[in-house]
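Hello,

Here is the structure we talked about handing over. Please open it first, then read the notes below.

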Amino acid sequence: MEECISIGINSVFLVALVAFFIGAVTTIQTAYNLVSPLIPNYVIALVVRDMTILELAPTIIGVIFAGKVGSSMASGLGTMRISEQIDALEVMGINSSSYLVLPKIVAAVLMYPMLVIIAGLLAMVGGYLAGVLTNVITPTEYIQGIRFDFNEYTVTFALIKSFAFAFLVSSISSFKGYFTTGGAVEVGQASTAAVTQSVIAILLADYLLAQLLL
Amino acid sequence: MIKIENIKKSFGDKEILKGISGVFERGKPNLIIGSSGTGKSVLLKCIVGLIAPDEGHIHYDEHELTNANRDTKTEIRRQIGMLFQGGALFDSKTVEQNVMFPLDVLTKMPKGEKLDRVNSALERVGLAGQNQKMPSEISGGMQKRVGIARAIVNDSNYLFCDEPNSGLDPQTSILIDDLILELTEESNITTVVVTHDMNSVMGIGEKIMFLYKGKKLWEGNKNNIMDSNVKEFDDFVFANKVMRKLKKG
C-alpha cells in the first residue's frame, strides 16, 4: 500500500500536469497543420484522441514515470545498499529482494495503468479547453471528433503497453539500485543509469508492441 | 559457540582470507582485530552468511552454515543480531519501528507484547522514551544503541558487531563496549566484535583474534597482550608511544 501511494498517488500531480499540456499543445498544433477547408474541424479532436491513447499517454508519461519513479527507486535501493540496510535485512533471514523489490514492481504494474488512464482523460480535457478557448474548434466539433469512429482496441493496446512499461521501469530501476556498490557517487550513477536504460527499454518495447499488436 | 574452520575467500585474484580457523565462545566478547584491509569485515560477513566463503566450514553450535539448506540458514539467521558499522537503521522508520522490525517480520507476537519487548530493549540500551524519534534526529552513538536494541530484541543467541565504536567519542565508545559486555554476559550469548579500537581491546577483549594480511597471527586475551612476541601484532597494538612505554615498563 505504501508503495502504491509512493509510486501512484504521489505521481498524479506531475502526470496530470504533463498530460493536460500535451493535450492542449497537440490540439493547437494539429489545428495549425490542418489548413485545408476539405478537412472538417472535428478531425483535430480525433487526432488528439488517437495520439493520446495510442502514444502520448502510455509512452510520454512512461518517460516521465521513469524519470520520477525509476530514479527514486534506484536511489532509494542504492542508498539502502551502501548504508548496509539491505545487509541488515539479509542477516535477519529476510529475503531482501522479495521484501524490497517485489512490492515496488507490483505497485508499479498496478498503479501505472491508472496513471495512463488519468493522463489520457486529462490530455483530452486539456485539448478541449485549449481548442475551445482559442476558437480553433467548437465544443460540439471537439466532442464529435472524440466520439467519431472510436476503436476500443486502442484503449486495450494502451493498457497492454502501460503494464509492459511499468514492469520495465520498476524492474530495471530496482535492479540498478539493488546492485549498487560503492558510495554516494555510485548511487547517483545508478539512478541516472536506471532512468536512461528505462527510457531506452520503453522506446524499444513501444516499437515491438506496435509491430506485434497493431 | 561458533566454530570456523579453514575459511578462505578471494575476490578475483586477490586472496583476502587465507585459511582462518578459530572458536568464538559463548558468554564472552570475542574480538577480531587487525589494521584496515586485513579481512576482518570480510571474515565477519562470511560468518554471518552475507558472503559465501570459497572454502571452509562455519558451525553455529550444532548447525553447519556453509552447507546448510535454505531453511536451516534461515533458522540460524533468525538467531543472529548484528550491529552494523553505520547502524544500518531504516531511515523511513522511527526508532520504535526499527527495533520492532525483526519482531514484525519474524514473529507472530501480538502488538502489545512486541511493544513491551521494544520498550524493554530500548531501556536496556538507555534509550527509554525515544520511541518516536527518527534515526536522523538522534546522534551517532544513539543510532548505534538503537542498532544494538534491534539486534537483541529477538533474544538473539549470536551478536555480531562491526566496528561498533567507529566515529564515536571515547566516552560513548566505552558506553557501547560496556553495553556489549553486559549483554553478552547476562544473556550468555556468543558475541563477535570486529574492531581496531585499542580501548575496546583492553576493555572487553576476553578473547582476541588478530588478523594480518588474511591470516590469523595471534590469539589470546587482554591479559596476555603484553606477553606477545609476534612482531606484526606488537606493531599493531603498541603503535603509539604510550602503549610502547607500557610494554617496556
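One cut-off to begin with: a residue is buried if 20 or more other C-beta atoms lie within 10 Å of its own, exposed if 12 or fewer, and partly exposed in between. Keep in mind that this is a predicted model.

Is B:Lys213 buried, exposed or partly exposed? B:Lys213 has 14 C-beta neighbours inside 10 Å, so it counts as partly exposed. Its phi is positive, about 45°, although B:Lys213 is not a glycine. Look for B:Lys213 in the loop between β9 (207-212) and β10 (215-220) of chain B.

B:Asn188 also has a positive phi. The value is near 50°, and this residue is again other than glycine. B:Asn188 sits in the loop between α6 and β8 (190-195) of chain B. It is exposed, because 11 other C-beta atoms lie within 10 Å.

The sheet in chain B

Six strands of chain B make an open sheet. Their order is β6-β7-β8-β3-β9-β10, with mixed pairing. Which strands stand at the edges? They are β6 and β10 of chain B. Each has a single partner strand, so one side of each is left without a neighbour in the sheet. From one strand to the next, the twist averages 20°.

Inside the sheet, β3 (residues 29-33) of chain B pairs with β9(B) in the parallel sense, over four bridges. B:Asn30 has B:Lys207 of β9(B) as its bridge partner. Helix α1 (residues 40-48) of chain B packs on the sheet. It touches β3, β6, β7, β8 and β9 of chain B. The direction of α1 makes about 155° with that of β8(B).

Two domains in chain B

Chain B divides into domain 1 (1-10 + 23-79 + 158-249) and domain 2 (92-156). Their C-alpha centres lie 25 Å apart. How many residues of domain 1 of chain B are in contact with domain 2 of chain B? There are 12, and they meet nine residues of domain 2. On the domain 1 side, β7 (158-162) and α6 (170-187) of chain B are the elements that give two or more residues. The largest share, four residues, comes from α6(B). By class, this side of domain 1 has eight nonpolar residues, three polar and one charged.

The nonpolar core

The largest nonpolar core has 123 residues. Those with the most contacts inside it are A:Ala19, B:Leu43 and B:Ala149. Why does this core lie between domain 1 and domain 2 of chain B? Both domains give residues to the core, so it lies between them.

A:Ala19 is worth a click. Leaving out residues up to four places away in sequence, A:Ala19 touches A:Ala57, A:Ile61, A:Ala119, A:Leu122, A:Ala123 and A:Gly126.

Where the chains meet

Chain B puts 14 residues in contact with 10 residues of chain A. On the chain B side, α2 (70-77), β6 (80-83) and α3 (95-106) each supply at least two residues. The largest share comes from α3(B), with three residues. The side of chain B that touches chain A has 10 nonpolar, two polar and two charged residues.

Best wishes

Methods. Residues numbered from 1 in each chain as written. Chains lettered and ligands numbered in written order. Predicted model: local features only at pLDDT ≥ 70, side-chain atom pairs only at ≥ 80, totals over all residues. Domains from an automatic or database assignment. Contact = placed C-beta atoms within 7 Å. Nonpolar A, V, L, I, M, F, W, Y, C, P; charged D, E, K, R; others polar. Core = buried A, V, L, I, M, F, W, Y, C linked by C-beta atoms within 7 Å. Pairing = 2+ DSSP bridges. Axes fitted to C-alpha atoms, helices over the stretch in contact; angles between N-to-C directions.
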